[in-house]
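This report describes charged contacts, a charged surface patch and ring pairs in one structure. The sequence and the model come first.

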Amino acid sequence: MAAVVDKEYYEILGVEVDASHAEINKAYHRKAIEVHPDKNHGDPDSAAQDFCLIGEAYHALSDPEKRETYDKYGKEEATKDYVVDPRVLFGMMFENETFDSYVGQLSLLSSPPSEFDPSIPPEVQKPKLEKILKELQHKREEKLVKILKNRLELYVKGQKDDFVDMAKSESHRLSQVAFGNGMLHTIGYIYSRQASREIGRGKLYMKIPVLAERVRDKKHSRRTQARAAKAAIDCIQLREEWKSCNGEKTKDENTMKVAQQIKDRFFYSFWKMNLPDIEMTLSHVCQAVLNDPSVSEDILHLRARGLKKLSTIFLGAKER
């Protein structure tokens with residue numbers, strides 16, 4: 001192997017210069033978790049800088065061509081066209097532990113599986129990667145099912161006042177973070193729909209047949225998918241605008257203002273892109289909790305009632 005002129009990025013990720021792509025992937029994911037601003041309340045500004053630096057190192061080493069350039073000429077050549085990806089900034093704002101017990105790790109913010117190799121055509125790897133991603137999603141939902149069962153236990157045991165107090169406290173806590181109210185309303189909506197379906201099974205609910213409820217859910221899902229698709233297109237355009245704006249040599253007040261506007265629009269669009277994943281995961285988790293064969297119908301009914309109450313409190317969260 002030829003000599004590497006600059007080892008800084010390898011040292012930042014904590015890997016050897018001959019590390020495989022899989023090792024670089026794992027190291028990036030581990031380091032990103034360690035220095036994430038949300039986990040470093042003592043010095044969040046320093047953590048944010050470290051987080052961006054790790055992203056810069058991963059940007060150079062995860063791409064075979066950029067890595068070769070970095071090894072030969074150093075980071076100035078490898079990152080001369082690099083600007084912080086707005087997805088990284090979104091992740092710094094959103095990827096925290098606040099909503100982890102409700103929705104888990106969002107798919108679009110997850111690192112590529114260590115088995116992914118950018119030098120191999122995606123279509124060749126697709127079957128293997130789909131299987132891996134399916135297993136990861138199953139583990140994600142399995143964990144969330146246990147958490148939701150525990151969260152509803154107070155209501156199931158008849159401690160309804162304590163349950164309401166817990167739910168209100170959670171609603172207030174969750175509303176304080178970035179995209180908190182949007183997430184609360186999304187969770188509340190899915191909880192409400194799934195609870196209503198269980199409560200209304202075999203009868204009319206709000207004078208609407210259960211079949212009509214399912215049709216309504218499908219229409220909502222299609223709308224969410226359509227909005228996510230449009231948001232994905234918007235994100236592509238906004239990323240280019242972001243690169244162009246951040247590439248300006250002279251950053252006056254107007255340029256900075258435009259960059260902030262682009263970032264805000266990107267965040268909103270990227271949030272929309274995540275909604276299908278969030279809603280699908282929440283729906284699967286609710287269905288598993290409300291169709292649990294290990295408990296009686298009475299307990300399932302109480303879970304549904306508790307979920308409905310939780311949804312009402314979450315949907316009532318006020319904008320900050």
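With which residue does Lys-149 form a salt bridge? Lys-149 pairs with Asp-292, and the closest N and O atoms are 3.0 Å apart. A salt bridge here is a side-chain nitrogen of Lys or Arg within 4 Å of a carboxyl oxygen of Asp or Glu.

The model is predicted, so local features need pLDDT of at least 70 and side-chain atom pairs count only at pLDDT 80 or more, while totals for chains, interfaces and linings use all residues. Residues are numbered from 1 along each chain as its sequence is written, and side-chain values use heavy atoms, with hydrogens and water left out.

**Salt bridges**

The structure holds 6 salt bridges. Three of them are listed here.

| Pair | Closest N and O atoms |
|---|---|
| Lys-149 and Asp-292 | 3.0 Å |
| Glu-68 and Lys-72 | 3.2 Å |
| Arg-173 and Glu-170 | 2.9 Å |

Lys-149 belongs to helix H8 (residues 122–156), whereas Asp-292 sits in the loop between helix H12 (253–290) and helix H13 (297–315), so this pair ties together parts that are 143 residues apart in sequence. Helices are DSSP runs of H or I with at least four residues, numbered from the N terminus. Asp-292 is buried at 7% relative accessibility, and Lys-149 is partly exposed at 23%. Buried means under 20% relative accessible area, exposed means over 50%, and partly exposed lies in between (1.4 Å probe, protein chains only).

The other two pairs in the table each lie within a helix. Glu-68 and Lys-72 are both in helix H4 (residues 64–73), 4 residues apart, or about one turn of the helix. Glu-68 has a relative accessible area of 44% and is partly exposed; Lys-72 is also partly exposed, at 47%. Arg-173 and Glu-170 are 3 residues apart in helix H9 (residues 160–175), again about one helical turn. Arg-173 is partly exposed at 36%, but Glu-170 is buried at 13%. Elsewhere, salt bridges with shared partners join Lys-149, Asp-292 and Arg-303 into one network.

**Positive patch**

Which residues form a positive surface patch? The patch consists of Arg-216, Lys-218, Lys-219, Arg-222, Arg-223 and Arg-227. Members of such a patch have over 30% relative accessible area and no salt bridge, and like charges are joined within 9 Å. Lys-218 is placed in helix H11 (residues 210–246) and is exposed, with a relative accessible area of 55%.

**Aromatic pairs**

A search of the whole structure finds 4 aromatic pairs. Rings of Phe, Tyr and Trp (its six-membered ring) pair if their centres lie within 6.5 Å; planes under 30 degrees apart count as stacked, over 60 as edge-to-face and the rest as tilted. Tyr-9 and Tyr-70 make a stacked pair, with 4.7 Å centre to centre and 20° between the planes. This pair links distant parts of the chain, since Tyr-9 is in helix H1 (residues 8–13) and Tyr-70 is in helix H4, 61 residues apart. Both Tyr-9 and Tyr-70 are buried.

The rings of Tyr-10 and Tyr-70 have centres 6.0 Å apart and planes at 45°, so that pair is tilted. Tyr-10 is in helix H1 and Tyr-70 in helix H4, so the contact ties together parts 60 residues apart in sequence. Tyr-10 is buried, with a relative accessible area of 1%, and Tyr-70 is buried at 0%.

How values were computed. Patch = residues over 30% accessible without salt bridge, like charges linked within 9 Å, V, L, I, M, F, W, Y side chains within 5 Å. Areas by Shrake-Rupley, 256 points an atom, 1.4 Å probe, with all protein chains shown as cover. Lys, Arg positive; Asp, Glu negative; His and termini not counted. Charge placed at Lys NZ, Arg CZ, Asp CG, Glu CD.
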